[in-house]
Amino acid sequence: MRLVELSAAGNEASDLLPVHDEGLLAELGARRAYWTVLDEGPAEECLALLVEQYDGGWRAEHVKATAGEHEGRTEDAEALARLDGWVYVLGSHFGSKAGPLQPKRAFVARFRESARPQLQIIRHRFALHRAVNDALAALAATGHPAAPEPVRDVVHAGFVTEAVRRGTAKGKRWTSQLAPGDHPVNIEGAAFTARGTLLAGLRWPVTAAGEPILVELSGVPGLFSGAETLGVTGVYALTGIGQGPLGVRALSARDDGAYDIVVGSIDALDKGSILLEQHPDARDATCRHLRFRLPDGTGPALIAPTLVADLAPLHHVEGVSEREGAPLYVADEDHRIALWL
């Protein structure tokens, strides 16, 4: 692979989503371009375009968006997905490496492709966290192998109990969405399915066997028309992919109906991660690019993906797409964007 190093606002990048709007490509003078999100700051300040010029060169453009009344009220955009002409942005729904869960990260946004996009933002007070945890708990009760490992006391205390304590002290209503036994949920990838549901790739939790989990969510577009019901229609685990624990690092939908996914480490190294303290064997995990199809029915199910590429020694791949029939990756590197062709 060939490395292209870029910079946008001195920040690292997550996810890759091709630009479809021909007018935007013409305005950029681009052969092709990809949306990405920058890790730190509110969503409206964290959009960027990675542009391939007609001369073969690349450049990164930091895109300044607007978010109306929600400006400055979101954080940690991690995943991009497309449906019906909208680009959706998902927050991680997680917290810092030692917790607690942070409500600013529990959001879904969307925008029409533009050099100056206007974001619609839904801050749903951990409704997605609640829907996912209810589905995972129901699955665990059946003993299904796609269910997560039981939450460990130190993880629950750092992420969930501490979030409830802080929220209660401030009189926040969202504390009712967090319950004993909940897992902290960390979303790192997203793609819409042909049936209009959203497939969310979880970096955490993982199954008891250490395998990555995907949840299929209904009701996401409806959030923007006033409906507040999120549901989980399927839970899937990727099996037979090697020693875990491994979490989802990136996810994208393919034109042929399949999905590309990158799996790898469950958390960042050397940043005081509670998860890595509990799972020290996960520290050396490198990334792998896999491909899979969803089963025809709704989950739960185990899915055996095919290996596209072993990306070792890369640890930090956070976006996967395609360029001229070949994979394209973006890696999370400090203060720069690492694009691998």
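How much accessible surface does the protein have, and what share of it belongs to carbon and sulfur atoms?

1. The accessible surface comes to about 13,500 Å², with 48% belonging to carbon and sulfur atoms. That area is a Shrake-Rupley value with a 1.4 Å probe.

2. A word on the basis: this is a predicted model, where local features need pLDDT of at least 70, side-chain atom pairs count only at pLDDT 80 or more, and totals for chains, interfaces and linings use all residues. Residues are numbered from 1 along each chain as its sequence is written, and side-chain values use heavy atoms, leaving out hydrogens and water.

3. On overall form, the C-alpha trace spans about 55 × 45 × 40 Å along its principal axes.

4. As for secondary structure, I see 4 helices and 21 strands (DSSP runs: H or I of at least four residues, E of at least two). Buried residues (under 20% relative accessible area, 1.4 Å probe, protein chains only) make up 58% of the 341.

5. Have a look at Asp55, in the loop between β4 (47-53) and β5 (58-63). Asp55 counts as exposed because its relative accessibility is 64%, the cut-off being over 50%. Its side chain makes a polar contact of 3.1 Å with that of Gln53 (N or O atoms within 3.5 Å, one able to donate a hydrogen and the other to accept it; sequence neighbours count only if both atoms are side-chain atoms). A polar atom of the Asp55 side chain also lies 2.8 Å from the backbone nitrogen of Gly57.
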